[in-house]
Amino acid sequence: MARITIDPFTRIEGHLRIDVEIEGGKVKDAWTSGTLFRGFEIILKGRDPRDAWHLTQRICGVCPTSHGHTSSMSMDDAFKVRPPDNGRIIRNIVEGRGGLVCLDSLKQFLSDKLLRLIPLPAS
Amino acid sequence: MGDREEISKQFLKAFEFQGIRRRDFLKFCGATAALLGLSESFIPKIAAAIEKASKRPPVVWLNFASDSGCTEALIKATYPNAADLVLDILSVDYNETIMAAAGKQAEEILQNSKKAGGYILIVEGGIPTKKGHGMIAGKEMLDILKEFSGPAAAILAVGSCATFGGVPSAKPNPSQIVGVTEALKKVGVKKAVVNLDLCPINVEYLVAVVVNYLLLGSLPELDSFGRPKMFYGQTIHENCERRANFDAGRFVETFGSKEEALGYCLYKMGCKGPMTYSACPKVMYNDRISWCVKSGGPCIGCAEHGWPDKFAGFYNRLPDVKLPGIQATADKIGAVAGAAAVVGIASHAIATKSSGRGKGEKEGGKK
C-alpha cells in the first residue's frame, strides 16, 4: 500500500495538506487537513456586529466578497431587517463581480485557474 | 522626459512584447520617482535600475497566517502595467498561492532558493506562536521564518498580518499570532524588516520599495514602526479629498442620506482617517480609480499598528475632541465653519500625539 502526501498543496488560499492511500492502483482512502488555524469564530465573539463583515472578508483574499456578503445576510436575519431593493441589487452586483474572479484579470486566471488544468508529474 | 540612451533597445523590446510602450514605462518610472520623493532627474536611473533587475533577483514569498489577499493584490495589479512587469522581472521563485509546483517539488524550489541566498524575502501573514497552529510541510511557520530570514538580503513584511498580526491576531488571538518583527525577536534573528502595513497591501508601495532597493541598494527611511516614511508620514485625514467638508463642518450623519450622496465628510460615521497614517488618498487602489473614502466607506484604520482591535467598533466615531478653553465638540459646533476647522486641528494634534509620532514636527501649523 502506497501513501502519497502533498504538502503544501499550492494555488489555493491558505494551507492545505492532502494524504492519499493507494492499494492495487486505486485510491483506498484520502484525507485533507487545513494546516493553519486562525479561529475567526472565536475572534468574532463579543464584537460590535457591524464590524463582522469587515473581519470575515479577511477569511479569504481570493473570495472576500462572499464572506462579507454572507456576514451581512446573517446580520439581516439577526436584526430581522430586509435590505431595500436597491441595496439588494448593489449587493448582487458586488457579489457577481467578486465571484467572477476568473474574468477579473487574465493574469489571475492564468496563475490561479489554468495551472490546475496542467497535469504535473507526481510528487 | 528621461534619456533615451539610458534604456537599451533590447529591454524596451521586451516591454513592447508585453504590450507596454516606452512612454508607459517611463510614466511608471515617473510615478515611482514621485512615490519615492525623488526628482524627475531620477527617472532614467530608475529605468536603468529596473533594467539591471532583469537579471532576476530572486524573491521568496512566504505565506503564513494570511488570507492570500496581498498575493491577490499583487497578481491583480493593473496600474501601472509596468509594475506588474517589475514583479515579473523579479523572479518570484516561491509563492504557494500562484506557483505551479506543489508538495515535494515546491519544497525543493524553496530549499534551492535558500542555498543560493541573497533573495528578497517577502512575508505575507502573521506567524502563529502556539505550537501546531500553523504548519507547512510538517514544519512550524515560526521555524520556517527563522530558517529563511537568515540568508535573505532584505525582508519585507507586507500587509497588516505580517507587520503586526492583523485580523487573525485580534482578541483573544486564538493562535497567538505575531508580526514578523516580533517573531524574529522571539527566534533571536536580528534583521531590519520593512513593514508595509495595509489590508491588503497596496502593490504600488511594494513596487516602490523594491525599486528603491534596486536603485540605491538600501531600504527606505523607516518610522518607529518600521514603515517607510514616504508612505506612512502623513495621516489619511491630511490628504483626504473630503477634507474641505470636515473643515466646513459638513458631515454625513446617516448612510443613505442626502449628505452621503453629496460626499460629505465621514468622520461622524466612524472614519479613522484622522488617526491613520497612510498615503491612500494619493496612491489609491485598483488602477488608481478609487479608495475606501472615495467610494463612500469610512476608513477603518487598517494601516495602523494594533488594528483591528485598536479601532474595534469601526462605525463608532473617534472620541469627541475638546480644545483647551473651548467647550465644544463637532456636534455642538455643527456647521460653523471656522470653529469646526479648529476641531480639525485639535483632532489632528491629538491623533499625532496618541500615535506617538510627529516628534519635532510643528503639527499645529496645519490649517
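A:Glu21 is buried, at a relative accessible area of 14%. Here, buried means under 20% relative accessible area, exposed means over 50%, and partly exposed is anything in between (1.4 Å probe, protein chains only). Keep in mind that this is a predicted model: local features need pLDDT of at least 70, side-chain atom pairs count only at pLDDT 80 or more, and totals for chains, interfaces and linings use all residues. Residues are numbered from 1 along each chain as its sequence is written, chains are lettered from A and ligands numbered from 1 in the order in which they are written, and side-chain values use heavy atoms, with hydrogens and water left out.

So who does A:Glu21 team up with? Its side chain meets that of A:Arg3 in a salt bridge, 3.2 Å from N to O. That term means a side-chain nitrogen of Lys or Arg within 4 Å of a carboxyl oxygen of Asp or Glu. A:Arg3 sits in strand 1 (residues 2–6) of chain A and A:Glu21 in strand 2 (residues 16–23) of chain A, 18 residues apart. Helices (H or I, at least four residues) and strands (E, at least two) are DSSP runs, numbered from the N terminus. A:Arg3 itself is partly exposed, at 49% relative accessibility.

The whole structure has 16 salt bridges over all chains. Here are some of them:

| Pair | Closest N and O atoms |
|---|---|
| A:Asp76 and A:Arg91 | 2.8 Å |
| B:Glu147 and B:Lys139 | 3.5 Å |

Take the A:Asp76 and A:Arg91 salt bridge. A:Asp76 lies in helix 3 (residues 64–79) of chain A and A:Arg91 in helix 4 (residues 85–99) of chain A, so the pair ties together parts 15 residues apart in sequence. A:Asp76 is buried at 13% relative accessibility, while A:Arg91 is partly exposed at 23%.

Over in chain B, B:Glu147 is partly exposed at 23%, and B:Lys139 is partly exposed at 27%. Back in chain A, shared partners join A:Arg3, A:Asp7, A:Arg17, A:Asp19 and A:Glu21 into one salt-bridge network.

What about a charge without a partner? B:Arg242 is buried yet has no salt bridge, and the nearest side chain of opposite charge, B:Glu241, is 5.2 Å away. For this, Lys and Arg count as positive and Asp and Glu as negative, with His and the chain ends not counted. B:Arg242 is found in the loop between helix 12 (236–239) and helix 13 (243–247) of chain B.

Now for the rings. There are 8 aromatic pairs over all chains. Rings of Phe, Tyr and Trp (its six-membered ring) pair if their centres lie within 6.5 Å; planes under 30 degrees apart count as stacked, over 60 as edge-to-face and the rest as tilted. B:Phe246 and B:Tyr267 have ring centres 5.6 Å apart and planes at 85°, so that pair is edge-to-face. Both of these residues, B:Phe246 and B:Tyr267, are buried. B:Phe251 also pairs with B:Tyr267, with centres 5.9 Å apart and planes at 50°, so this pair is tilted. B:Phe251 is buried at 7% relative accessibility, and B:Tyr267 is buried at 4%. Elsewhere, ring pairs link B:Tyr205, B:Phe231 and B:Tyr232 into a cluster.
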